[in-house]
Amino acid sequence: MDPRAAESSAAESAAARPVVAVVGRPNVGKSTLVNRIIGRREAVVEDVPGVTRDRVSYEAEWVGREFTLVDTGGWAPDAQGLAAQIAEQAEIAIMAADAVLFVVDATVGTQDVDEAVVKILRRSKKPVILAANKVDDTRAELEAASLWNLGLGEPYPVSAIHGRGTGDMLDALVAVLPEVREISEVEAGPHRIAIVGKPNVGKSSLLNQLAGQRRVVVDNASGTTVDPVDELVEIAGTTYCLIDTAGIRRRVKEASGHEYYASLRTHTAIERAEVCVVVIDASEPISEQDLRILSMVEDAGRALIIAYNKWDLTDEERRHYLEREVERDLVQFGWAGRVNISALTGRHVDKLQVAIEAALEGWNTRISTGKLNAFLGRVVAAHPHPLRGGKQPRILFGTQAHAGPPTIALFTTGMLDAGYVRFVERRLREDFGFHASPIHIEVRPREKKKDR
């Protein structure tokens, strides 16, 4: 089956799943309950209010029924600043959902915040399942019964940590879900673009600018994004799946609690993507963290675009020093795409779509075996491998094993020097492009007779 057709089918299936928004005030255990439902530790959990900031989607299944869970930040009616943006994301999730799973802490009982959430839920006219969480034993069930006064029907006593009562709650949930969502026809699965970088360089601002609306929470405090956030965004008539990720810190061991898990999620997001847009703060010197993230993308074999953000904050002197830093520190990433942008003002953000399409084309470039070997013949004739210990390894044959990333297998009479392999790679780029894509060259020396 054609990979694009398979991806299209998967996208169609995902769009057809009913959507369930998981809402409630901060620190009632929403993300823990999400992990319990999906059967794995996917949502970031920590015993601190506000760990989940954006609305984040996960695939779930119960008794053969597939649906999408949308985990949201804690909702508070009188929120200010960052908390107000988190509340806005939760309200958007409610409006977009087919049903709502309202999570309440049974050990605390009903609070004014819960009453305010109930008003929002009633206005939405969506089916609501009330989960009374933190009911770890039969004694706590009496406390759960008091939640009848919310007027949302039967409260289902559950323990997200232990799994107690979640089966009955899920039975009730799938009973109110529609069979299939009404969706428009999906022609092809969107390309996956990960937006990565160190904390507070403007990744979420860039996603919001591309989307033309506020899709993710943005704040000056570093580390606002914790979970990778997938958003379908249309840019210049083309739909992409943009993945906003948590900022990667210098070393994973320096990250504590939810930051550690967020860093691991970001690694996974890079692996899932086809193109990685690495956002670098142009107003500051290029750091060790920036270099480590660029190397991570290259090692993963993903197409790479370097977006120098906050260009509006740079003056002529800073731009001069930035160019020197690029020449000195980023010489090994000379093949990457480059865009100078301002995510805040929108300057040159439109050029990013052109860069993404060029990167996708380079990443998926495929050379026929005939063309590749004609190229290798010309290169070897003009620049043969230098003698090493009286011997001169030769390239016998080459073939492109696969694209995305382009991987070239060279069959040789012996190991090639690393410098010569880099020379071949440089000539490959000159002749065939491979714009913004790493090239993996695998050297396969011929076995000697005594080794057979």
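Entry 1. I looked up helix H12 (residues 369-382) and helix H13 (residues 418-432), which pack at an angle of about 125° with their axes 11 Å apart. Helices (H or I, at least four residues) and strands (E, at least two) are DSSP runs, numbered from the N terminus. Axes are lines fitted to C-alpha atoms, for helices over the stretch in contact, and angles run from 0 to 180 degrees between N-to-C directions. The angle makes H12 oblique to H13; under 35 degrees counts as roughly parallel, over 145 as roughly antiparallel, 65 to 115 as roughly perpendicular and the rest as oblique.

I noted the source as well: the model is predicted, local features need pLDDT of at least 70, side-chain atom pairs count only at pLDDT 80 or more, and totals for chains, interfaces and linings use all residues. Residues are numbered from 1 along each chain as its sequence is written, and side-chain values use heavy atoms, with hydrogens and water left out.

Entry 2. I listed the contact (heavy atoms within 4.5 Å). From H12, Lys371, Leu372, Phe375, Leu376, Arg378, Val379 and Val380 meet Tyr420, Phe423, Val424, Arg427, Leu428, Asp431 and Phe432 of H13.

Entry 3. I turned to helix H2 (residues 30-38) and helix H6 (residues 166-176), whose axes are 11 Å apart at an angle of about 85°. H2 and H6 are therefore roughly perpendicular to each other. Leu33, Arg36 and Ile37 of H2 make the contact with Thr166, Met169 and Leu170 of H6.

Entry 4. Which residues have the most contacts inside the largest nonpolar core? I found Leu206, Leu210, Val277, Ile305 and Leu352, in a core of 28 residues. A nonpolar core is a set of buried Ala, Val, Leu, Ile, Met, Phe, Trp, Tyr and Cys residues joined through side-chain atoms within 4.5 Å. Buried means under 20% relative accessible area, exposed over 50%, partly exposed in between (1.4 Å probe, protein chains only). Helix H11 (350-363) is one of the elements that each supply at least two residues of this core, and H11 gives the largest share, six residues.

Entry 5. I checked Val277, not counting residues up to four places away in sequence: it touches Ile193, Ala194, Ile195, Val196, Leu206, Ile305, Ala307 and Leu352.

Entry 6. Leaving aside neighbours within four places in sequence, Arg65 is in contact with Pro18, Ala60, Val174, Leu177, Pro178 and Glu179.
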